[in-house]
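Hi,

Here is the structure I promised to pass on to you. Have a look at it first, and then read my notes below.

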2 protein chains.
Amino acid sequence: MNMSAASERLVVIGGDAAGMSAASQARRLKGPDALEIVAFERGHFTSYSACGIPYWVGGDVEERDQLIARTPEEHRARGIDLRMRTEVTEIDVAGQRVRARDVDSGAESWTSYDKLVIATGARPIRPEMPGADAPGVHGVQTLDDGQALLDTLARTRGRRAVVVGAGYIGVEMAEALINRGYEVTVVNRGSEPMSTLDPDMGRLVHEAMEGLGITMVNDAAVTKVLTGEDGRVRAVATEDAEYPADVVVLGIGVRPETSLAKAAGLPVGHHDGLLTDLALRVRGHENIWAGGDCVEVLDLVSGQERHIALGTHANKHGQVIGANVGGGYATFPGVVGTAVSKVCDLEIARTGLREKDARRAGLQYETVTIESTSRAGYYPGASPMTVKMLAERRTGRLLGVQIVGREGAGKRVDIAAVALTAGMTVEQMTALDLGYAPPFSPVWDPVLVAARKAASKVRAS
Amino acid sequence: MNMSAASERLVVIGGDAAGMSAASQARRLKGPDALEIVAFERGHFTSYSACGIPYWVGGDVEERDQLIARTPEEHRARGIDLRMRTEVTEIDVAGQRVRARDVDSGAESWTSYDKLVIATGARPIRPEMPGADAPGVHGVQTLDDGQALLDTLARTRGRRAVVVGAGYIGVEMAEALINRGYEVTVVNRGSEPMSTLDPDMGRLVHEAMEGLGITMVNDAAVTKVLTGEDGRVRAVATEDAEYPADVVVLGIGVRPETSLAKAAGLPVGHHDGLLTDLALRVRGHENIWAGGDCVEVLDLVSGQERHIALGTHANKHGQVIGANVGGGYATFPGVVGTAVSKVCDLEIARTGLREKDARRAGLQYETVTIESTSRAGYYPGASPMTVKMLAERRTGRLLGVQIVGREGAGKRVDIAAVALTAGMTVEQMTALDLGYAPPFSPVWDPVLVAARKAASKVRAS
C-alpha cells in the first residue's frame, strides 16, 4: 500500500463485531490515503454471530457460514489490512505499538499505531474442576467451539446431554440439544434458571422447561466431570448426585478478556472490563478506544457499571468507535439491560433492574406481576403472558420489566426498554399509545396492564 | 335501590367501552350508597369489541359472544342500573337531566343527573348514493351489523364480494371474506390502500393484497350500488366500471356520533368530535365528561386535535373518566396515532405523522425507508420488513414511523410510539437498548437501522 506522509495508522485488536464494525465505519469515513487500518484476529473467522451458535448446533441454521456477516476477504476488499490467526501479545502504550504473534509459525513482530481499538471480547468461564477438559465437554463461545461440539454430537451414540448453567447460553443450548433428540439435564447453581430474572419469574421458565421434557436441577454446583475408561466424559457430578452424560455443554457465562489491557496498565472496573468514557475512549487514553464484550457499560437505570456480553452492544460500540476514530463524534450513552431469549416456544425477556439490583442500588421499590395474553383473548393463538414490573416507590419511576410467555411476549420488552431510557414513570406509561388490534394485543396491552397496577400501587404507597 | 340523602347520580350515555369502563371504574371507587349509576344503551349489547367483528365474520372467532367482555347482567350485578334498548334523545344541560326513549315501546322519560358521561361512540360513514341501503349491502360497526352480514353470507350462493374502502376496516374485511372463500374486490377512493400510511408504504400493502388474490381498485369512487330484479345488490358502480357483487361491505370509516351533544350546545371541534380537557371533562362543563369514539383527542406530535375511533383509546378514556367521576384525578394526555392491522399474514403499522401530516403541521422533515428482516437473516422465518421513518429537519425529533412486513413487524411500532411520547430524537433512538437474539431480531433491530439512517440524514441536512 502506498502510504502518504500524512497517513495515520489505526490498529484494531479483535476481528469480531466491535472491532470490525469500528474498522469498517472508520474506513467509510476515511479512505486508505488518510487512514491505514491493521486488524489482528487470533481465530479463523471475522464478524460472526456468536449468538447464533446455539441455533446452528440445534439445526435451525444449517451452515456455519450463515453466521458469518463478513469474511476476512470481504474486509480486505474494503481496504482493511486484516491479519488472521495473529494474536496480539502485548500493548506498549508508551511506545504506541502492539506485539503480535503468528499463531501457526510463532513469529512475532511489533506494529506501531496512532490510534488503537481494543475489542478482545470475552472468554467463557470454565470451572476449575477435575475433568473439565475431558473429550465430550464443550464450550460454545466461538465458531470453532460450535464445530467441535457438532463433531462430537455426530460421533457420539449416546443421547444423554448435560448442560451446566441455566443462563441464556444454557437454556438456548438445552433447546438445541432437545431439537437434536437428546435427553437434556440442566444443572444450575442458582435457585431457578435464568438468574437475569427474579426467581419468581425464573420459576416460570423452570416449569416450562420441564414441560418440554428438560430435567432441571437447581441449587446444584457441579464438582467434577467423571470420565470413562476411554477418557471421555461419562457423567457430571454435584455434591449430591451424578448425572450420566454422553456430552456436556458448559454455559456458565463469560468474563471480559482484558488480560492484555491490564498488563498494559489500562483501567478496568469491578467486573474486570475496560473502563471508557461516553465516546468509548479508554479512560485517560486519548488515542485508545475499547468496545464489545471486553468493556463495562453504564447501566442507565442504576447508574452503576455492568458487564454485558451481547452482539447488539458490540455492534453499536463498533459504530461509535469507528465514527470517533474516523474524525466524527459519537457516544454510547449506556444500556438499560435488555435481553430476550427463548427455549422452544417459551419467550423470556427482561430489561432494567431485578429486585436484587434495585436493593443493591439502594432504591425502594414496588413490584407487581400480572397475567395477560399476547392477543385479544378471543383471537386464535392468544397465549398467556406474565409481566413483572418494578417501579420506584414514591416517584413511580419505572425500574424494570420481566416477561415470560409464548409467541409475542419477548419483544414486548422493547416498550419498557424505551420507557426506561426516557425515564418514564409507570403512571406515564399507562397512557402509552401502543399498537392495538385483536391479532396483536388485548385492548390493554399486557405492559399497560402491569403499568396500571404498578401505578396504583405507587399511589397507595 | 335505597338511596341515602348524600347520594349523587351519574348518568352514562352509551354502553360500550368508554361508557361502561367509566361506570365500572366509578363504581369501584364509590359504592352504591355514595353514587347511583344509570347507564343507557340503545342497542342489544354492552362492552363488546367492535374491533373483533372482522375476525368473527372471517371465522377466526367462532361465537359472537366471545366479543362481549361484559354482559348487561354482569354490569347490573356490579350495581349499575343499566337500561338496554333505551336511547337518549336529549340532554338538558341547564336542567341536568336527559330524556330517554324505550326503543321498543317508544315510551319516554326524563332522568336527572349530578354527573354525566357522554360515550355515544361513532357512526359509520354511509355514502349518499342510490342503492346504498339495498339488501346485501352491509356496514360492520356493531355486533348487529356483523350478525346481519353473516346471515347474508349464509344465504347468498354467489361468492363475489366488493369491499368499499381500503382503510383498517376495509382491509380487515377483505381478509375476512377471503377466509370465507370469496372472490374479493376492494374499491378505494385513494391512490393506494391504507391512507393512514404514506402512499409509498400503501403501495406495499396494495402489492401484498394482490398477492393474496384480492383485486385492488384504487382512485375509484363508488357512485352507486346496482340491484337486480329481486332488489338485492348485484354490482357496485364507479364512474368507469362496474364490479359484480353478491355482497357489499362498506368500510369507509366513521365520524363521531355527537348529534345529541351538539343539540345540547356542547362544544365540538373540526372533526365533529366533542372537545374536552385533559381530565376528559367537556370544555366549559364542570360535571360532564366525554370519551371514546365521540371525542377528539390531542395529537402529541402535531399538537392538533384528531378523531381516532379505537377501542384501546376508549378503554383508557373510560378509566380516566371513572377515576375523575369517582373522586380521584386522572388525565388522558393524548395520542401519538399508533395503529396496527393485518391482512392475512401481512402486518401494517404506523405511528406519529405521515408526510402530509408533517407538512400540514408546518414541519420540515427528512424521510428514510429501509429494508430489514424480522429476525437475524440466517434464522428460520426471518421475513422482510420495510420501515419508513420521518424526523424533523435540524432538531432530529422523531415524527413518525410506518412499518409493513410479516410476522413480527406490526408490534415493532410500539418502540416508535414510546419514543414519540418521550420526544426522542432519531439520534437518541440509535442507542436504544432493544431486545436482541437471533430468533427475535437482527443484531440491529429494523427500527434502529431506520433511526441510524435518519440520524445520518438529519446531520447532513
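At what angle do helix H10 of chain A and helix H10 of chain B pack, and how far apart are their axes? They pack at about 20 degrees, with the axes 9 Å apart; axes are lines fitted to C-alpha atoms, for helices over the stretch in contact, and angles run from 0 to 180 degrees between N-to-C directions. H10(A) and H10(B) are therefore roughly parallel (angles under 35 degrees count as such). Helices (H or I, at least four residues) and strands (E, at least two) are DSSP runs, numbered from the N terminus.

This is a predicted model, where local features need pLDDT of at least 70, side-chain atom pairs count only at pLDDT 80 or more, and totals for chains, interfaces and linings use all residues. Residues are numbered from 1 along each chain as its sequence is written, chains are lettered from A and ligands numbered from 1 in the order in which they are written, and side-chain values use heavy atoms, leaving out hydrogens and water.

Now to a sheet in chain B. Five strands form an open, antiparallel sheet in the order S21-S22-S25-S24-S23 (two strands pair if DSSP finds at least two bridges between them). S21 (339-343) and S23 (365-373) of chain B stand at the edges with a single partner strand each, so one side of each has no neighbour in the sheet. S23(B) pairs with S24(B) (residues 384-392) over 9 bridges, and B:Thr369 stands opposite B:Lys388 in S24(B).

Enjoy exploring!

Conventions
Angles under 35 degrees count as roughly parallel, over 145 as roughly antiparallel, 65 to 115 as roughly perpendicular and the rest as oblique.
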